[in-house]
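Got your viewer open and ready? Load the model below, and we'll walk through it one selection at a time.

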Amino acid sequence: MSRLTQEERRQREAIVADDAQFDALLEAAFRVPVPEKAPAKRPGGSRWPALVAVAATMVLAAGAWFGLRTVDPVHAVSPLGPDIIAHINHEPAALAVSARTVPEAEFGDVLQRGGASLGGPIGRVSYAKLCPFRGQMVAHFVVQGEQGPVTVMLLPDEESSAPATIDEDGFKGTIVPLDGGGSMAVVGQPDEDLEVIRDRLLQAVRWKL
């Protein structure tokens, strides 16, 4: 069994803390006293104020718990991660330090054959190739980040309902769903700010109809 990364341990601890807080709130709700006999009865029942208090407290507890989940969502680990990292390791030349910039026409041809196009700038591209991945040909290219090369793979046939993380073999990254279907993998060094690159790509990448 693989050891948990620091980020996975942090996420697991956050889940445990959230669950403990929810349990405490729920326990407090059940401690609201419900009298056997209320002093003033209303038609149809005698204990409704206390029961309403219990219900209201439970609703607040549930709201607080789900609110905590919303503030800091925990992204799942992508099942595609091992395949993505294996593909990156299969092409080490793509991550070699290089001052080369792929000519625009050459990069455009790779994107077109991969079923995509760009609607905005994404920075310097130092490598671009159409590659086989899980039975499909996909656009695989490398842009330059602050800490080094960042691999991008456009995956038109790999659906992802929500962002998922990649953290394997010294790489970290994310797989995010794209408008129009499919997904995109962005993978770099652990100290790279991938969110900036990811957001820039999400604004620029278009699938060709």
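This tour goes from the sheet to the helices, then to the cores and the salt bridges. Keep in mind that you're looking at a predicted model.

**Stop 1: the sheet**

Switch to cartoon view and look for an open sheet of 7 strands. Going across, the order is β1-β6-β7-β8-β5-β4-β3, and the pairing is mixed. Strands in a sheet pair through backbone hydrogen bonds, either parallel or antiparallel.

Now pick out β1 (76-77) and β3 (125-133), which stand at the edges. Each has a single partner strand, so one side of each is left without a neighbour in the sheet. For β1, that partner is β6 (residues 164-168): the two run parallel and are joined by 2 bridges. Click A76 and you can look across to its bridge partner in β6, A164.

**Stop 2: strand β8**

Next, select β8 (183-188). Are its residues buried or exposed? Here 6 of the 6 residues are buried, so β8 is largely enclosed by the rest of the structure. Show the side chains: S183, A185 and V187 point one way, while M184, V186 and G188 point the other way.

Check the pairing on both flanks, too. β5 pairs with β8 in the antiparallel sense over 5 bridges, and L155 has S183 as its bridge partner. β7 also runs antiparallel to β8, with 6 bridges joining them; there, K172 is partnered with G188. Follow the hairpin of β7 and β8 through the 5 residues between the strands, and stop at G180, which takes a positive phi near 90°.

**Stop 3: two helices across the sheet**

Select helix α4 (residues 104-113), which lies across β3, β4 (136-144) and β5 (149-155). Its direction makes an angle of about 25° to β3. Then try helix α5 (residues 194-204), which lies across β4, β5, β7 (171-177) and β8. This one runs at about 150° to β8.

**Stop 4: the cores**

In soluble globular proteins, nonpolar side chains tend to be buried together. Which residues touch the most other members of the largest nonpolar core? Select F141, L154, M184 and L201, the answer for this core of 24 residues. At least two residues each come from α4, β3, β4, β5, β8, α5 and β9 (205-207), and α5 gives the largest share, 4 residues.

Zoom in on F141 and show what surrounds it. Among the residues F141 touches are F107, L111, Y127, V152 and L201. Apart from this core lies another one of 13 residues, including I88, F133, I175 and V187.

**Stop 5: salt bridges**

The whole structure has 5 salt bridges. Start with D83 and R134, whose closest N and O atoms are 2.9 Å apart. D83 sits in helix α3 (residues 81-90) and R134 in the loop between β3 and β4, so this pair ties together parts that are 51 residues apart in sequence. Both are partly exposed: D83 has a relative accessible area of 31%, and R134 has 47%.

Now go back to α4 and click R113 and D109, which are 4 residues apart, about one turn of the helix. Their closest N and O atoms are 3.5 Å apart. R113 counts as exposed at 54% relative accessibility, whereas D109 is partly exposed at 34%.

Finish with D199 and R198, another salt bridge, with closest N and O atoms 2.9 Å apart.

Methods
Residues numbered from 1 in each chain as written. Predicted model: local features only at pLDDT ≥ 70, side-chain atom pairs only at ≥ 80, totals over all residues. Heavy atoms only, no water. Pairing = 2+ DSSP bridges. Contact = heavy atoms within 4.5 Å. Axes fitted to C-alpha atoms, helices over the stretch in contact; angles between N-to-C directions. Core = buried A, V, L, I, M, F, W, Y, C linked by side-chain atoms within 4.5 Å. Buried < 20%, exposed > 50% of the residue type's maximum accessible area, 1.4 Å probe, protein only. Salt bridge = Lys/Arg side-chain N within 4 Å of Asp/Glu carboxyl O. Lists of a residue's contacts leave out its neighbours within four places in sequence.
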